[in-house]
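Hello,

Here is the structure I promised to pass on to you.

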Amino acid sequence: MTKLKLGPLADDKPVKITLELPAAVHRDLTAYAEILERETGQPVKDPAKLIGPMIERFMATDRGFAKARRNKADNPSAKMERPT
């Protein structure tokens, strides 16, 4: 069994955005959806629905982002630094 970073998708009210993806990323997203469907048994009707959970997971595991958010919370007047 493959260990994916995403599990079953939560049913939550979404916010619509428009996003352009390179064709290769879209193909990988579709392949990921197929694997996730096999692993969880939960149908993935639209691979685009994976983008939100993937971004959420990415931000949740980004230590630099977490540190910057903590620093911002400790010092509200401080601006978040952008990576260079």
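**What I found**

Glutamine 42 sits in the loop between α1 and α2, where helices (H or I, at least four residues) and strands (E, at least two) are DSSP runs, numbered from the N terminus. With a relative accessible area of 28%, glutamine 42 is partly exposed; buried means under 20% relative accessible area, exposed over 50%, and partly exposed in between (1.4 Å probe, protein chains only). From C-alpha to C-alpha, glutamine 42 is 9.6 Å from glycine 7, although the two are 35 residues apart in sequence.

A word on the basis of all this. The model is predicted: local features need pLDDT of at least 70 and side-chain atom pairs count only at pLDDT 80 or more, while totals for chains, interfaces and linings use all residues. Residues are numbered from 1 along each chain as its sequence is written, and side-chain values use heavy atoms, with hydrogens and water left out.

As for the overall fold, the protein chain has 3 helices and 0 strands, in the order α-α-α along the sequence. Of its 84 residues, 11% count as buried.

Back in the loop between α1 and α2 you will also find proline 43. Proline 43 is exposed, at 53% relative accessible area. Its C-alpha atom is 8.6 Å from that of alanine 33, 10 residues away along the chain.

Helix α2 covers residues 51-60 and includes methionine 54, which is partly exposed at 28% relative accessible area.

Next, the surface. Val15, Ile17, Leu19, Leu21 and Val25 make up a nonpolar patch with about 500 Å² of accessible area together. Patches take residues with over 30% relative accessible area and no salt bridge, joining like charges within 9 Å and nonpolar side chains (Val, Leu, Ile, Met, Phe, Trp, Tyr) within 5 Å; a salt bridge is a side-chain nitrogen of Lys or Arg within 4 Å of a carboxyl oxygen of Asp or Glu. Areas come from the Shrake-Rupley method with a 1.4 Å probe, and for residues only the protein chains shown count as cover. Leucine 19 lies in the segment before α1 (23-40) and is partly exposed, at 48% relative accessibility.

Finally, the largest pocket is lined by 26 residues, with Pro14, Ala48, Lys49, Gly52 and Pro53 nearest its centre. A pocket here is an open set of points on a 1 Å grid over the protein atoms alone, where a 1.4 Å probe fits, with protein on both sides within 12 Å along at least five of seven lines; lining residues have an atom within 4 Å of a point.

Best wishes
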